[in-house]
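Q: I'm new to this one. Can you walk me through the structure in short answers?

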Amino acid sequence: MSRERCILLSLLALAALALVPITVTVEATDVMAQRNLRWHFYRLNTTCKYAEVYIRSQVELYMKKQNDTTIAPKLLRLLYSDCFVNGCDGSILLDGLNSEKTAPQNRGLGGFALIDKIKTVLENRKECKGVVSCADILNLATRDAVHLNISGNLTFSGKIWMNQQAGAPSYPVLTGRRDGFESKAASVDLPSPSISWEAALTYFESKGLDVLDLTTLLGAHSTGRTHCSFIEDRLYNFNGTNKSDPSMNTTFLAEMRKKCPKRTKKGQEDPLVYLNPESGSSYSFTNSYYSRILSHTAVLGVDQQLLFGNDTEQITEEFAANFEDFRRSFALSMSRMGNIQVLTGSQGEIRANCHVRNS
């Protein structure tokens, strides 16, 4: 890990404890370079001083009322789809015939209803009307859902919400983002889940992230589901060979072929499978994802590819052996991802409705 990242990790920890505004300055090439984002931006600089409290409350209320354990992985994917395409500007939320959400890579996106509910609650408060951006809502709601849901801090058992041992960390989110004006499907360059680790690293580096971010953020696949169509090539036609991916454990391959029969005709069902069978329907946040990579039982091709790069393999082994290292790195990498090409100051706008631009 670089010296700058070690320093930044310490700053993040101190900020979480001290709850004071901190300006972070690192190398200009880093995605965390000065972009006028701050901790507690709304509390210290706006009339909506309890924005983060309201957002967390709505996330918790939604999870309790809906008993929806899928909301955290949905928001993780939604945030990734937003930040990696023209930056974290809430453009993935915009509607339109050719908006980002209509791109093939964004098939099956979810979590919009919760973001809409939070925005409505904030806009209905006099002190918050026109103050909190959709981009910030998405970042903060994702952080809270991941911590409350995947960590097991709120686990539904019968009629009782129980506290469990922590899994996913809560991490400081810099705020002050503004919402973008454009959302075009043609701009979506999210890569295939079957790419090599080299191609994946090149893509992450183009966003200002590094190999530790790549290996860490792919760990979000410790929870959630994917369509069989995204792994069909691994099962039946790896790299156009009409054979399976040779890196797959043979027993696991047989299991996945039963869950994902080869599609031979148009309109055939495209089932959903768990990205990490270890967590399954509990959607728990664990380091078992990395253990599965080591045992050649990763579901997505890009996940299994982490075993074939020297650095990615070493990081995978470390995270498989030490959950706390994974948790700490996840907190830092999520913060870094949330600061890709953000709009601040007079850039962009604060949407009244996350689905449409202000008139």
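A: One term before we start: helices (H or I, at least four residues) and strands (E, at least two) are DSSP runs, numbered from the N terminus. With that, N239 is found in the loop between α9 (232-236) and α10 (250-259).

Q: What kind of model is this, and how are residues numbered?

A: This is a predicted model, where local features need pLDDT of at least 70, side-chain atom pairs count only at pLDDT 80 or more, and totals for chains, interfaces and linings use all residues. Residues are numbered from 1 along each chain as its sequence is written, and side-chain values use heavy atoms, with hydrogens and water left out.

Q: Back to N239. Is N239 buried or exposed?

A: N239 is exposed, at 66% relative accessible area. The cut-offs: buried is under 20% relative accessible area, exposed is over 50%, and partly exposed is in between (1.4 Å probe, protein chains only).

Q: What is the phi of N239?

A: Near 50°, a positive value in a residue other than glycine. Most residues other than glycine have a negative phi. N86 is another non-glycine with a positive phi, about 65°. N86 lies in the loop between α4 and α5 (112-123) and is partly exposed, at 42%.

Q: Zoom out. How many helices and strands are in the protein chain?

A: The chain has 14 helices and four strands. Of its 359 residues, 54% are buried. The chain exposes about 16,200 Å², and carbon and sulfur atoms supply 51% of that. Those areas come from the Shrake-Rupley method with a 1.4 Å probe; for residues, only the protein chains shown count as cover.

Q: How many residues are in the largest nonpolar core?

A: That core has 91 residues. A nonpolar core is a set of buried Ala, Val, Leu, Ile, Met, Phe, Trp, Tyr and Cys residues joined through side-chain atoms within 4.5 Å. V59, L75, L78, I115 and L122 have the most contacts inside the largest core. Helix α6 (residues 134-150) gives this core its largest share, eight residues.

Q: Which residues is I115 in contact with?

A: Contact means heavy atoms within 4.5 Å. Leaving aside neighbours within four places in sequence, I115 is in contact with L75, L78, L93, I137, L138, A141 and C354.

Q: Now α7. Which residues in helix α7 are buried?

A: In α7 (residues 197-206), W197, A200, L201, Y203 and F204 are buried. Down the axis of α7, these buried residues fall within an arc of 160°, so they line one face of the helix. The arc is that of the directions from the helix axis to the C-beta atoms.

Q: What does the face turned away from the buried side of α7 carry?

A: The exposed residues T202 and S206. The buried residues of α7 pack against α4 (71-83), α8 (211-217), α12 (301-304) and α13 (310-321). Just after α7, G208 takes a positive phi of about 90°.

Q: Switching to aromatics. How many aromatic pairs does a search of the whole structure find?

A: The search finds 14. Rings of Phe, Tyr and Trp (its six-membered ring) pair if their centres lie within 6.5 Å; planes under 30 degrees apart count as stacked, over 60 as edge-to-face and the rest as tilted. The rings of F285 and F326 have centres 5.0 Å apart and planes at 10°, so the pair is stacked.

Q: Where do F285 and F326 lie?

A: F285 lies in the loop between β4 (272-274) and α11 (288-294), and F326 in helix α14 (residues 323-337), so the pair ties together parts that are 41 residues apart in sequence. F285 is buried, at 3%. F326 is buried too, at 0%.

Q: What about the rings of Y289 and Y290?

A: Their centres are 4.7 Å apart and their planes are at 85°, so the pair is edge-to-face. Both Y289 and Y290 are buried. One aromatic cluster is formed by F285, Y289, Y290, F319, F323, F326 and F330.

Q: Last one. Where is N339 found?

A: In the segment after α14. N339 is buried, with a relative accessible area of 4%. N339 and D89 are 250 residues apart in sequence and 9.7 Å apart in space, C-alpha to C-alpha.
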